[in-house]
Amino acid sequence: MTTSISSPDDSSLVELCSKLGELAPQLEAKDAWPAEQLQLCADYGVFEWFLPVEIGGQGWSELDIVRGYLKLSAACLTTTFIITQRMGACRRLAVSENRELAARWLPGLIPGETFATVGISHLTTSRRHLSKPILTAKESNDGFVLNGFSPWVTGSTHADMVVVGATLDDDRQFLAVVETNLTGVEIPPTADLVGLSASQTGPVRFNDTFISANALIAGPVENVMQSGAGARTGGLQTSTLAIGLADAAIMLVEQEAAKREDLYMAASSLREEHSVAEADLLALASGEAVCSNDEIRTRANSLALRASQASLTATKGAGYLTSHPAGRYCREALFFLVWSCPQSVLAANLCELAGISE
Ligand SMILES: Cc1cc2nc3c(=O)[nH]c(=O)nc-3n(C[C@H](O)[C@H](O)[C@H](O)COP(=O)(O)OP(=O)(O)OC[C@H]3O[C@@H](n4cnc5c(N)ncnc54)[C@H](O)[C@@H]3O)c2cc1C
């Protein structure tokens, strides 16, 4: 019997996180996908947190969402990351003026009966240096014909639909729901990644794929990603997951430090830094401008990288076994160097890695 989680302080969230933590090692297997974990999240009402009460959600505040995500990501980063992409699609639908489309998809998405994801990074952080858009659309009889590909789509092989961004000849862009069973949609098997392979992330290709004008969520308009909410870069969600992962890694250092005094100083220094970063993150989520979103992301990335490597240092050779969480944390921390990373954060991370003080 599961109890729906109605606040980040609920004991049922602790219960869910403990189950996710136990299942996390299974996701290292080839071709794994966290179906059981996502079902558990649906059963515990996690997908309701992010959506307004009027449409069947629980309408959590941004602060509570951040607090919930911090706990989930410390338990299982892969599952939590998939939820962010799933919720990116749901929230885009929820704020869309196309109410018919929202009414068609959200009732199945909220209880986890269907799976949706996003393929939008080519409008923000991916392939932006190329002279031509990689996913184009042409108007045609009450709809649009898509050609090209979306390079990064999490859960592509399990998706019923993808919220995709496309660019017209006149540079206007739109976001649309593309059902994966439409003619001309091609989803190749996903490649192995350095970490989070079980997120089943890969490209989705479109070969003369026709979508009806009714499938549009937003646009056509210039810079469609500046409009609406739910899937922008530079928000707090990426920093939240990095700080959640750092928490798990620091707990590992603390467990070792309880047996070995020489680790105590490192463990307490990392914990102190984590507490300050978490407090700043929660302040930002409450609307207090304690620092910029890019600053917290830069600190979160640095902390996740250092904390995970400290957990490996503390657990020594035993931690270097692929079955040990320390190695997994190290690989997962690298993800934050590339996931939806704004240019200023990339530059700051590079300066730190190159030993250049800003
Ligand atoms: C595991 C994972 C899951 C993801 N899931 C999603 C998802 O579900 N939905 C989504 O929308 N996005 C997703 N993303 C995308 C992510 O948010 C970033 O957009 C992506 O990581 C950016 O990397 P890129 O290789 O596409 O960047 P690019 O900027 O396209 O870089 C690719 C290559 O291009 C070259 N290059 C880059 N810049 C320049 C330049 N200025 N001049 C010349 N050459 C250049 C470099 O050789 C570089 O290696 C995911 C990414 C990962 C890794």
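How many residues surround the ligand, and which are the closest? Select the ligand and display its surroundings. There are 19 residues around the ligand, and the closest are Thr125, Ser126, Arg127, Trp152 and Thr154. Keep in mind that this is a predicted model.

Colour that shell by residue type. Nine of its residues are nonpolar, nine are polar and one is charged. Now switch to the cartoon. Helix 4 (77–94), strand 1 (116–119) and strand 3 (143–153) each give the shell at least two residues.

Start with Gln85: an N or O atom of its side chain is 2.9 Å from a ligand oxygen atom. Go on to Ile120. Here a backbone N or O atom lies 2.9 Å from an oxygen atom of the ligand. Then select Trp152, where a polar side-chain atom lies 2.8 Å from an oxygen atom of the ligand. Now show the surface. On its own the ligand has 970 Å² of accessible area, and the protein covers 63% of it.

Helix 1 brings Leu16, Lys19, Leu20 and Leu23 to the contact. Helix 2 brings Glu36, Gln37, Leu40 and Cys41. Colour this contact by type as well: five residues are nonpolar, one is polar and two are charged.

Note on methods:
Residues numbered from 1 in each chain as written. Predicted model: local features only at pLDDT ≥ 70, side-chain atom pairs only at ≥ 80, totals over all residues. Heavy atoms only, no water. Contact = heavy atoms within 4.5 Å. Helix = DSSP H or I, 4+ residues; strand = E, 2+ residues; numbered from the N terminus. Nonpolar A, V, L, I, M, F, W, Y, C, P; charged D, E, K, R; others polar. Near = heavy atom within 4 Å. Polar contact = N/O pair within 3.5 Å; in protein donor to acceptor, adjacent residues only side chain to side chain. Areas by Shrake-Rupley, 256 points an atom, 1.4 Å probe, with all protein chains shown as cover.
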